[in-house]
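I opened my notebook to look through this structure chain by chain. Here are my entries, in the order I made them.

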Amino acid sequence: MQTQELKLNVGPQHPSTHGVLRLVMSLDGEIINDIEPVIGYLHRGMEKLAESRTYHQYLPMVDRVDYLSSFFNQESFCLAVESLAGLKVPKRAEYIRVITMEFNRIASHLMWLASFLLDLGATSPLFYAFREREDIYTLFEELTGARMMYNYYCFGGVKKDFPSGWMKKAQDLCKKMPKCFDEYEAIITNNPIFLRRTKDIGVLTKEMALDFGITGPNLRASGIDLDLRKTNSYSVYNELDFKTCLAENGDSFDRYIVRIDEMRESVKIIGQALEKIPGGTPEKLLVKKTNCGCKEESCPICGFDTKLTGKKIVPLAFKPPAGEAISQIESPRGITTCYIVSDGSPNPYRVRWRTPSFSNVQLLPELMKGKIYADLMAIFGSLDVVLPEVDR
Amino acid sequence: MKVVITAIDFLYNWARSNSVWPMTFATSCCGIEMICTSAAKFDIARFGSEVFRATPRQADLLITAGTVTHRMAPALVKLYEQMPEPKYVLAMGACAVTGGMFENDSYSVVRGVDRLVHVDVYLPGCPPRPEALLDALIQLQKKIRTETILDRKKYLEAHKPRVKLSDDSELALPLDELEIYHWGVQTEGYELNKDVLTRKNVEDNCVRLFGK
Amino acid sequence: MSDYLENNIQEVAAGQLAAILQNNGFNVKPQKNTADNIEVIEVSADKLVEVATFLKMNVDTHFDILFSVSGIDAGESLIAVYHLFSTQFKNNVILKVWLDRSQPEIASLSQVYSASNWHERETFDLLGIKFINHPDLKRILLPEEWIGHPLRKDYVMNDSRLVWNKR
């Protein structure tokens, strides 16, 4: 029987929520011979736009590099600028940053869960996951004023303190979350259809992962222990107690298990941070400050540690000294790096974003050679790719 | 005769406006708010948009949520042309309305979806809240109710795309017979910002722009 | 232009990694560290693949992940920047290569690290640095028919086919 290779185009607009990615596939029956991903459908020129704006004008645009984890993008940009300009961040601001980042990690992983299972055909986890995401979004809206693009961190700290009652609501949400995760696990983890579709599918070996520059939960699911919050810890992660989630095989099921575990660890981190924050709730802090009133630097109540920004910066006159800085943080998809070169002028000279999804999409042709077409979404969905990160 | 037509119009438009099925064109951040609108808290299905169709052949409404770049523009025009009449476009988010925050100096962003297709409802916001998207959908439903079936040809004329697609180029090319009128104030204002804004400068520029 | 973007004229003391490289016979010039104390080493264009292979294989350094390949437009020259990370020692290093602006060509690292494939395509797309022996060097983020390299400082957009998108 004569057969011919079929070129099929999974076009830029598709019903899954990964964004605009085009895959040109050469199929031989059901078996994939070759995939060529075509990206660039969302290239907005983020790196070039930085060169015509000052640092403060660029800060609101930083959220849009990866819209599901915008606190992480703000953190990496702010860390780089703070090491360039030599600004110290007070402890209270660091704790606020950690709390908001970990909530954002939970929201991002919930979005991943919803879209991964939607690709596999299950529609109900979408509604379950979005129920929790709406709770987190309501918290963020009270704190920062926006549901998705927060624009909350500034160079040297955060902009505003918690509103009254926020910390209690956050603690209640943290108590409720593990039960919700148990609900998801009950319908997904032991589901025979899910197991058949994801066990031993898309195995990523350790050598291949390191060769392609994969980081984050994809690497930890293959067995390599690299979590920047533990190894090169930034911010106040070295004062908090949590474990790194590892798995052994590196297939799609392990990537799912690692992300569910990470969500549980994030809840623990938030609980600890809400206890340990210097000063406690804003009302208590105000009372203590009026009682203490000594205004010395090293006082734990009214000194540097309980401020919100380190140094008052005049935005029009902010010129970090000439130099370069790289900041690396652990974002939900991997390690996000922001490399800034400054030449002493108010505008950055060059900003370079190294985003983890870029390497994840590059890995796709290697993982898919020789597999059947039905496994494409099971593998691609488990890699957690968000397209604006790829294209910037 | 017209009495019959208005009665038919009323029923026809009522049926169409209460079941507008959108198509997912989620490019960027606004896409997530669109998904939030279809989730349980802000349910878009109670307004008639029961399912989000993935294929343009079965959809009524194209919600362009997110930034459209030069590479994506031919895909959007092809999708629009594949939709059967009657069709509507809702430009969601600041990036789809005018180009948003990338309008100033991005080299690869299309400044507003209305340079490519005909837009019915504009929805600003970055990203707009789910309630705002529902409000825009209600406005679109009100607009549908004012249409008549006698004017079908006019709608067909308006729905022609505004750029030309070609087979060998990945870019959208300009149409020769269509001139897009830009508001002149935009270019003028940009030059104004380049000078230092002293009183003399402002007065001189006002004389130049508006005459005396 | 600050001396930061030109080849550093003054001598900087060699950090730990530069010392290891110099002890093994590579003629590299150490540069000023970044603001958070990551070592920056300047490598000449013809020795890049050997230095990268050495850094990957040597037991004292063992840099097994290539984070990114990018470029900077520095006036008279273009700089190619490589950022490596070691999972064993948990440290970073930045390699910089100064290239001539009229003929920016450098060997590709795709045999050493597979991650460099798409990063080099992106650097070619946005800055115009050509990578010799790259398996498939074509534009990745912009359409194929785009004219010019946007991230250069002298880039002006004057494509007549896109006149419908004028501000």
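I count two residues as in contact if their C-beta atoms, placed from the backbone, lie within 7 Å. I am working on a predicted model, in which local features need pLDDT of at least 70 and side-chain atom pairs count only at pLDDT 80 or more, while totals for chains, interfaces and linings use all residues. Residues are numbered from 1 along each chain as its sequence is written, and chains are lettered from A and ligands numbered from 1 in the order in which they are written.

I looked up the contacts in chain B with a separation of 6 or more, and 77% of them are between residues 24 or more positions apart. For elements I use DSSP runs numbered from the N terminus: helices are H or I with at least four residues, strands are E with at least two. Chain B has eight helices and six strands, in the order α-β-α-β-α-β-α-β-α-α-β-β-α-α along the sequence. I also checked burial, where buried takes 20 or more other C-beta atoms within 10 Å of a residue's own, exposed takes 12 or fewer, and partly exposed lies in between, with C-beta atoms placed from the backbone. Of the 212 residues of chain B, 39% are buried.

**Where chain B meets chain A.** I find 31 residues of chain B and 28 residues of chain A in this contact. On the chain B side, strand E1 (22–26), helix H2 (29–38) and helix H3 (73–82) each give two or more residues. H2(B) gives the most, with six residues. I sorted this side by class, taking Ala, Val, Leu, Ile, Met, Phe, Trp, Tyr, Cys and Pro as nonpolar, Asp, Glu, Lys and Arg as charged, and the others, Gly among them, as polar. The count is 18 nonpolar, eight polar and five charged.

**Where chain A meets chain C.** Here 33 residues of chain A touch 28 residues of chain C. Several elements of chain A supply at least two residues, including helix H3 (70–85), strand E6 (323–331) and helix H12 (356–368). E6(A) gives the most, with four residues. By class, the chain A side has twelve nonpolar, twelve polar and nine charged residues.

I call two strands paired if DSSP finds at least two bridges between them. E1(A) (residues 6–10) and E2(A) (residues 22–28) pair antiparallel over five bridges. E2(A) also runs antiparallel to E3(A) (residues 31–38), joined by seven bridges. Which residue of E2(A) is the bridge partner of A:Lys7? I found A:Ser26, and A:Ser26 also stands opposite A:Asp34 in E3(A). Two residues lie between the strands in the hairpin of E2(A) and E3(A), where A:Gly29 has a positive phi near 75 degrees.
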